[in-house]
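Hello,

Here is the structure I said I would pass on. My notes follow below it.

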Number of protein chains: 2
Amino acid sequence: MMNHRVIVKARPQGIPLSEHFELDSTPLPALTEGQIRVRNHYLSVDPAMRGWLADTQSYGARIEIGDVMRAFAVGEVIESRNDAFAPGERVMGLFGWQEYSAVDPSAVLLRISEPDFPMSLSLGVLGLNGVTAYFGLMDVCAPKAGDTVVVSTAAGAVGSCVGQIARILGCRVIGIAGGAEKCKLCIDEFGYDDVVDYKHEPDLEAAIARACPDGVDVYFDNTAGPISDAVIRHISVGARIAICGTASISSWDPWPSGPRYERHLLVKRATVRGFIALDYVDRYPEAVAQLGRWIKAGQLRYREEILDGIEQAPGAISRLYTGANQGKLLIRLPASRG
Amino acid sequence: MMNHRVIVKARPQGIPLSEHFELDSTPLPALTEGQIRVRNHYLSVDPAMRGWLADTQSYGARIEIGDVMRAFAVGEVIESRNDAFAPGERVMGLFGWQEYSAVDPSAVLLRISEPDFPMSLSLGVLGLNGVTAYFGLMDVCAPKAGDTVVVSTAAGAVGSCVGQIARILGCRVIGIAGGAEKCKLCIDEFGYDDVVDYKHEPDLEAAIARACPDGVDVYFDNTAGPISDAVIRHISVGARIAICGTASISSWDPWPSGPRYERHLLVKRATVRGFIALDYVDRYPEAVAQLGRWIKAGQLRYREEILDGIEQAPGAISRLYTGANQGKLLIRLPASRG
């Protein structure tokens, strides 16, 4: 049996494009002792991929040319040389952009215990996106009922989840998104109290001031750059800022310049904290269980955009940066239709 | 009886100088119900005064032209219309640059319960400087034995206390100070493991890298600006950065530019937090008791620079910015010699 894979062909300068990858196919290797073989149903497309492929330091080991592209995927164990995993079990983890993955158990991030949900959710609202939103908001930002919470990339897979959790907790939630369509989604679908369209607002800072008359208690940031500069000028005393992503900055080599925040953070007794959801892996089951309850109760909505076939994967990352996608971007493999 | 006071005459642009103040003398007012009268023994000179006098937003209400200059002072209650305070009691608080203060109890920050120490210490190592160091390090930075702790303005009244507490806790402590004399003080007097002279180091970042081969776990910052830029490039995963002061930046209007930290804070899962010791006022007794034990045990040293007479106060603030002072800067009033 052959395994179709996406291989890294060249290191991108900036956003990874299809030209940086190539498809190949190889026979399935035999499993070594302790390994499992996963047949992947869905492959994930994530903003973090740009950092993984960059030449500079990021989190996670660097990917080398010739490697299978690192990616989260969800699938079914079809063969096991590990007593802890039985064929038929569903798992999510770092299985790479490929149809079949022979991996050590350390690659598994989540064992899917609830079969009621579509498997694709374990790459989105019940996977990394959901747990990122959950821990980033709950643990890093500690929101209280009545707080004003601002979310950048508010309509995105993580942001939309953050906004809805904050609403469930009784916060006043303001989204920042780009374009009328995404802003409409924020209000109609995800229940934001107000939204600021950073692409069409002539004075972003004034718009944030209008939307947050009592100041910003919590800022969940996926963008960095000028959007953050505008928000941070309006934080209230004791504000908590979670840095989850830096989507608005195309290169960090060298570090770009921006206004210095130190004095403002001091005067406001504010906290800025960078976090990475992978650091919370031991607590994922707690988050997934809660997120699942909110979905069943109709309190937590999500969007998916699904592309069919592994050959769609290489060109998909750039969609995250053009704002073309709406919702969690996934690649569906034939296994999921079988 | 006449009260000699320092009045704000003009709002400084930048560092307050003697020309921005004038001395006057007025008869003592009668106390209103609930007030106490304090005869001040020592007046404090603090970097925060620049912010208090600035035209832009800072913490604490703005000082107006014609007001007595806001200042911490320590003295003895000589008259009381408040059952909670008896004549003879020693208190530290926001009593202003004046000989006699008629104040509400809300101005009192600390009631001095231990008479074994010189009263001046209640404005320094057993006062705001000490509690700033204590809570900024213990509460904001949560240092663990073995951590590498970097302190800017390492020989200063707050910095020297931070460095010594970190040493007591078993950390490896690196000071950043300006000039050979202060650097020598860091090593010989305050027990830093190593020191970096930011005024004479041709490549500050390389010097910090050499002094912190395992990265910086905790950075207690009193400077902001290029010194912080150099330190932050070398933080380790999970680093904690406390912003206590911004002495290296002469104006925050408009906010100056500097390198953006967001990506680095994300990759390093680092926390940056601004804090103000006045927010911890309910917990001062706990800190002062511990600091006093360390002083008695010979583990915590301090330096004072004392100027005699209230007429020295107006010109004293600028000494904090030229690096001319060594140790906590105080004005001694005749009361303390009586």
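How far is the sulfur of Cys186(A) from the closest cysteine sulfur? The closest one is in Cys183(A), at 5.9 Å, which is too far for a bond, a disulfide being a pair of cysteine sulfur atoms within 2.5 Å. Cys161(B) is in no disulfide either, with the sulfur of Cys244(B), the nearest, 11 Å away. Over all chains the count of disulfides is 0. Both cysteines lie on the buried side of the cut-off (under 20% relative accessible area, with a 1.4 Å probe and protein chains only): Cys186(A) has 0% and Cys161(B) has 2%.

This is a predicted model, in which local features need pLDDT of at least 70 and side-chain atom pairs pLDDT 80 or more, while totals for chains, interfaces and linings use all residues. Residues are numbered from 1 along each chain as its sequence is written, chains are lettered from A in the order in which they are written, and side-chain values use heavy atoms, without hydrogens or water.

As for chain A as a whole, 9 helices and 16 strands were assigned (DSSP runs: H or I of at least four residues for helices, E of at least two for strands). Buried residues make up 58% of its 338. The C-alpha trace spans about 60 × 45 × 35 Å along its principal axes. Taking contacts (heavy atoms within 4.5 Å) with a separation of 6 or more, 66% join residues 24 or more positions apart in chain A.

Regards

Terms used
Buried means under 20% relative accessible area, exposed over 50%, partly exposed in between (1.4 Å probe, protein chains only).
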